[in-house]
Amino acid sequence: EYAINIGSGWDSVLRVGGTEVINGSGQVIAGRLTGTIFNSSADSGSGTLLQGETVSILGGTNGIDTTLSGDTWTLNLDTTEIGTTTFGSGTDFTWTFNSSGATDPTIAFGNNSQTFTTGAFNVTSNATTTNAISFDTNTVTTGTALRLLVDGLTTGTGFHINDSTAAGLSSGTLLHVSSISTALTSPTNGGSL
């Protein structure tokens, strides 16, 4: 059923004041319809979409990418675009990593502090020269600069240095302690194992 049915063969379907609005094929002539389609706003800025204009949803350099397929927009986070940036809103927060295990490791960020909570904490260095892994606590003037807590250990080893590879340590020092403190008396200012 049709309310209005216009057959074919007409030069124009609709004219207003002599101006064609809809041509004989049923197409609206470009520029004939004017006015606001909708208003839009964002975290920063706002806009008005008029007849004939195009809506653009674009990503930035902060890791947000957009794609359009048909009528569907997709927004993705591209972490390769994220360089130097700041996370957080000025309060302490925790990152939780949803891993395959039963317990998810976390990193808690506090006031000038980071707390790692994990079952096993492994650090692997591929360096082949000196100082492969370094802990720099040169700014500590009082208290304890580096502390290893093994209060819950009842059996086993608290600190283990393993040099049991096939190559072994043929030269050099397995463990070296160096200090200018006068408290180290034997040997003076340092020691090696």
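Colleague: How many aromatic pairs does the count come to?
Modeller: Rings of Phe, Tyr and Trp (its six-membered ring) pair if their centres lie within 6.5 Å. This is a predicted model: local features need pLDDT of at least 70, side-chain atom pairs count only at pLDDT 80 or more, and totals for chains, interfaces and linings use all residues. Residues are numbered from 1 along each chain as its sequence is written, and side-chain values use heavy atoms, leaving out hydrogens and water. By the ring rule, the number of aromatic pairs is 5.

Colleague: Is the pair of Phe93 and Phe109 stacked, tilted or edge-to-face?
Modeller: Planes under 30 degrees apart count as stacked, over 60 as edge-to-face, and the rest as tilted. The ring centres of Phe93 and Phe109 are 5.1 Å apart and their planes stand at 25 degrees, so the pair is stacked.

Colleague: Which strands hold Phe93 and Phe109?
Modeller: Strands (E, at least two residues) are DSSP runs, numbered from the N terminus. The two residues are 16 residues apart, and their pair links distant parts of the chain. Phe93 lies in residues 93–96 and Phe109 in residues 106–110, which are strands E7 and E8.

Colleague: Is Phe121 buried or exposed?
Modeller: Buried means under 20% relative accessible area, exposed over 50%, and partly exposed in between (1.4 Å probe, protein chains only). Phe121 forms a tilted pair with Phe116, 5.8 Å centre to centre and 50 degrees between the planes. Phe116 has 45% relative accessibility and counts as partly exposed. Phe121 has a relative accessible area of 55%, so Phe121 is exposed.

Colleague: Which are the edge strands of the open sheet?
Modeller: Two strands pair if DSSP finds at least two bridges between them. Here 3 strands run in the order E7-E8-E9, with antiparallel pairing.

Colleague: Which residue in E9 is the bridge partner of Ile107?
Modeller: E8 and E9 pair in the antiparallel sense over 5 bridges. The partner of Ile107 in E9 is Phe116.

Colleague: Which residue's side chain makes a polar contact of 2.6 Å with the side chain of Ser12?
Modeller: A polar contact is a pair of N or O atoms within 3.5 Å; within protein, one must be able to donate a hydrogen and the other to accept it, and residues adjacent in sequence count only if both atoms are side-chain atoms. Ser12, in strand E1 (residues 12–16), is buried at 15% relative accessible area. Its side chain has a 3.0 Å polar contact with that of Arg15. The 2.6 Å polar contact of Ser12 is with Glu20.

Terms used. Helix = DSSP H or I, 4+ residues; strand = E, 2+ residues; numbered from the N terminus.
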